[in-house]
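Have the sequence and the model in view as you read.

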Amino acid sequence: MAQEVEKKRKKGRTPEEQSLDPAAREMLIRAEQLGLTTAFSRADAMAPCPIGSTGSCCHVCFMGPCRLVKDGQTGVCGATIETITARNFARAIAAGASAHSDHGRDLALTLLAVAKGEAQGYKIRDPFKLARLAEELGIATQGRPVEAIALDVGQACLDMFGQQTGEVRMIERAPAKRKELWRKYKMVPRGIDREVVDVLHRTHMGDDQDPEHILSQGMRAALGDGWGGSMVATDLSDILFGTPSPLVSKMNLGVIKKDEVNIIVHGHEPTLSEMILAATSDPELVEYAKQKGAKGINLAGICCTSNETLMRQGVPSAGNFLHQELAIMTGAIEAMVVDVQCIMQALPDLAQNFHTEVITTSPKVKITKAIHIEFDEHHALDIAKEIVRRAIDNYPNRGEFQIPDFTSDVVPGFSHEYINYMLGGSYRSSFRPLNDAIMSGRIRGVVADVGCNNPRTTQDATHDYLVRELLKQDVLLVETGCGAIASGKFGLLLGEAAMEWAGPGLREVCEATGMPPVLHMGSCVDNTRILTVLSQVVAEGGLGDDISDVPAVGIAPEWMSEKAISIATYCAASGAYVIMGVKNPVEGSQEVTELLSTGWEAKVGGKIEFVVEPQEMVRRALEHIDKKRAALGLPAYDPEKFGRSGDWRMQELMALGPAERAEALYGQPAGD
Ligand code: BF8
């Protein structure tokens with residue numbers, strides 16, 4: 001069999017080259033044995049378009065598309081390579097910001113429906129967060145029923161999308177200096193939708209043709225995502241489904257159960273998946289599953305839907321973006337229920353080889369050959385039950401299956417509220433201990449490892465490399481999206497990772513607080529939690545007076561989506577240094593490449609650089625962190641200075657004989 005597989009593999013990579021994950025490798029071998037394609041094999045078979053991939057193809061009008069391949073060449077209208085690459089990049093920001101922000105809008109509509117008593121099965125799980133947000137938005141809370149506050153908050157959030165003038169309210173969370181800078185450059189979003197429309201307008205044929213000017217509006221639209229749509233999504237999800245705090249769960253394809261009805265929720269919005277979760281524990285449906293010969297109903301997630309249900313309810317994660325086909329490939333999935341974003345069109349065709357039903361649910365997303373059961377929050381629980389019943393009915397149709405026996409324990413659930421509480425305790429919750437640890441050099445700096453998988457790289461390999469190397473350098477890691485799932489699959493979202501990987505100073509902090517050295521902060525919309533943490537760290541004092549002063553870096557090493565471009569842009573516009581892997585989408589223009597890096601750094605203090613080599617990503621991240629430490633007048637990072645306390649120290653001491661131990665502890669041998 002192995003030889004046959006080898007013969008079939010014409011020029012593609014081996015499973016070891018395609019993924020770092022042993023569960024994925026097992027499924028990739030199965031795919032070859034069954035003669036099925038995956039995103040991995042399709043990526044191997046199809047080289048990226050050499051013109052489009054560098055941002056050099058202009059298709060904003062129908063005199064073209066114009067493909068610029070020679071120095072000095074222009075499009076039919078005279079558009080230069082600089083204008084074309086900048087326009088393409090800005091349009092990607094607009095699309096990414098739209099996807100994130102629409103997610104936020106749907107949650108505002110759900111909150112309004114809940115407030116009016118029209119959303120079946122939902123309730124407000126975090127009324128305290130609702131009250132805090134209400135106060136922030138200038139909405140009265142004293143003596144008012146929760147529903148009345150929710151109605152006003154939902155409406156205020158919804159209004160931010162269609163607002164035409166003024167400033168999106170959430171930017172008030174940013175440090176004062178940052179807001180001044182945004183105001184100076186007219187970059188404060190006036191309304192979430194408005195800035196996206198502005199990008200689409202000005203990149204239409206014959207409008208804005210100055211790359212710097214186009215990209216400046218790109219930043220404005222992205223800020224409308226990060227400090228607008230996505231921030232609304234995070235806050236309202238917490239209010240409706242609970243603000244995360246640490247819990248224990250499992251990750252990887254081994255969470256699929258051989259003797260239960262397996263349902264995978266995949267996509268992004270928690271509104272549907274939370275109801276499916278409720279339906280899977282309905283006693284009648286559990287009994288129905290047993291009648292069909294299953295031991296129960298097992299729910300697992302993929303992609304950011306997984307992050308949403310994992311962070312709040314501990315629902316196990318079957319994996320990240322590139323696991324969606326591999327989960328179906330097990331042959332043990334009765335239903336894959338999807339909503340929006342990051343859903344491969346290949347799923348329904350692949351599912352035809354098994355008994356799996358792919359069920360689309362969003363009014364915005366239909367896929368040919370998938371079953372469409374449209375979701376509506378007014379009848380959410382009934383629809384969720386219908387879907388679960390359908391999956392149970394499908395259980396007897398299951399044929400031969402193969403579930404990789406790989407899972408890892410994980411501890412996710414680090415909302416910014418919990419990090420605040422964890423560091424300071426309930427009586428003095430604050431970011432002071434984190435600031436102190438960074439200022440003393442115990443923690444060298446912070447890196448956010450975020451973003452997707454991309455089949456053009458080895459799945460998870462760069463995420464994994466970065467995390468381990470940066471931990472060794474006493475860098476605290478925060479993670480979201482598919483990057484967090486990559487770390488989870490390799491056992492890095494656990495306190496034990498500090499003992500194994502963290503440098504001496506970081507290990508001391510982890511031992512003292514009990515926190516893991518890699519904090520899973522949620523889905524991609526929850527990158528806003530990172531913005532909030534950075535703003536609160538600045539407010540706490542000692543690490544400068546703007547986000548751009550903090551020794552912190554964002555890295556999206558395996559990115560692939562337009563949402564990743566929007567996130568990178570709002571982080572840079574907020575003052576962060578962002579490294580993106582895989583490839584440079586504006587490679588066609590050196591000028592625009594520099595504009596995004598040195599140009600933006602001079603203007604807003606943050607920048608985007610495209611770096612393919614993982615070692616170079618680490619080098620640049622550390623260099624930036626050390627540069628920011630020096631600018632703040634903090635002591636230079638010195639790994640020798642810390643690590644002389646805590647469990648690690650205890651282990652060292654216990655390994656010594658009694659006399660040496662006494663000498664190490666008290667400076668003199670016992671009995672002297
Ligand atoms: O929003 S990290 S592959 S799942 S785009 Fe998609 Fe990328 Fe995963 Fe979540 Ni984010």
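This is a predicted model: local features need pLDDT of at least 70, side-chain atom pairs count only at pLDDT 80 or more; totals for chains, interfaces and linings use all residues.

Residues are numbered from 1 along each chain as its sequence is written, and side-chain values use heavy atoms, with hydrogens and water left out.

So where's the ligand? It sits in the largest cavity. A cavity is a set of points, on a 1 Å grid over the protein atoms alone, where a 1.4 Å probe fits but cannot get out; "sits in" asks for more than half of the molecule's atoms within 2 Å of its grid points. Around the ligand you'll find residues including Cys303, Phe321, Met560 and Ser561 (a heavy atom within 4 Å counts as near).

| Residue | Distance to a ligand oxygen atom |
|---|---|
| His268 | 2.7 Å |
| Lys563 | 2.8 Å |

Now for the largest pocket, which holds about 860 Å³ of space. A pocket is an open set of points with protein on both sides within 12 Å along at least five of seven lines, and its lining residues have an atom within 4 Å of a point. Of the 29 lining residues, the closest to the centre include Gly52 and Trp559. Helix 5 (81-115) gives the largest share of the lining, 8 residues.

Methods. A polar contact is a pair of N or O atoms within 3.5 Å; within protein, one must be able to donate a hydrogen and the other to accept it, and residues adjacent in sequence count only if both atoms are side-chain atoms. Grid points are joined across faces, edges and corners, and a volume is the space filled by probe spheres set on the points. Helices (H or I, at least four residues) and strands (E, at least two) are DSSP runs, numbered from the N terminus.
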